[in-house]
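My notes follow the order in which I checked them.

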Amino acid sequence: MQEMLESLKIYLNITYDDPATDRMLCEALERGKNILNDYGGTELDYGEEGLQRQLLFDYCRYARSHAAEMFEKNFRHDLIALREMAEVKMYADQKRAALSDL
């Protein structure tokens, strides 16, 4: 979590250390993960660069600006793409598992 927090602070151009800010950002990260996991229909991996991590950081940007309610509206197309990517991955994993059972 600390590494992701530091990456988020770089993304948000936060150059100071403040425990209250860090706590708020950690809470936003957790809320954002829950929201994006719901959209994806599965537990997503936020450790590497990709659409899910970018959306998570963008959610945190909106949450920090007290505009989280606008995130879903402004990123609707990306959230749909996230869902589609997660469905394709789940399908491929199921096929792979079925083939390994043969």
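I started with Lys9 and Asp22, which form a salt bridge with their closest N and O atoms 3.1 Å apart. The model is predicted, so I read every distance here as a computed value. Where do the two partners sit? I found Lys9 in helix α1 (residues 2–11) and Asp22 in helix α2 (residues 19–40), so this pair ties together parts 13 residues apart in sequence.

Is Lys9 buried or exposed? Its relative accessibility is 3%, so I logged Lys9 as buried; the cut-off for buried is under 20%.

Next I wanted the total. By the same rule I get 9 salt bridges.

I then moved to helix α5. Lys89 forms a salt bridge with Asp93, and the closest N and O atoms are 3.0 Å apart. Both residues lie in α5 (residues 76–101), with a spacing of 4 residues, about one turn of the helix. I noted the general point that an α-helix has 3.6 residues a turn, so residues three or four places apart point the same way.

Which other residue pairs with Asp93? I found Arg96, with the closest N and O atoms 2.8 Å from each other. Arg96 and Asp93 are 3 residues apart in α5, so about one helical turn separates them.

I also checked networks. Salt bridges that share partners join Lys9, Asp17 and Asp22 into one network.

Accessibility in the α5 pairs came next. I have Lys89 as exposed, at a relative accessible area of 53%. Arg96 is exposed too, with 53%. Asp93 is partly exposed, with 30%.

Last, I looked at α5 as a whole. How far does α5 reach from its first C-alpha to its last? I read 38 Å for its 26 residues, close to the 38 Å expected at 1.5 Å a residue.

Which residues of α5 are buried? I listed Leu79, Leu82 and Ala86. What covers the buried residues of α5? The cover includes α2, α3 (51–64) and α4 (71–74).

Terms used. Residues numbered from 1 in each chain as written. Predicted model: local features only at pLDDT ≥ 70, side-chain atom pairs only at ≥ 80, totals over all residues. Heavy atoms only, no water. Salt bridge = Lys/Arg side-chain N within 4 Å of Asp/Glu carboxyl O. Helix = DSSP H or I, 4+ residues; strand = E, 2+ residues; numbered from the N terminus. Buried < 20%, exposed > 50% of the residue type's maximum accessible area, 1.4 Å probe, protein only. Expected span 1.5 Å × (residues − 1). Contact = heavy atoms within 4.5 Å.
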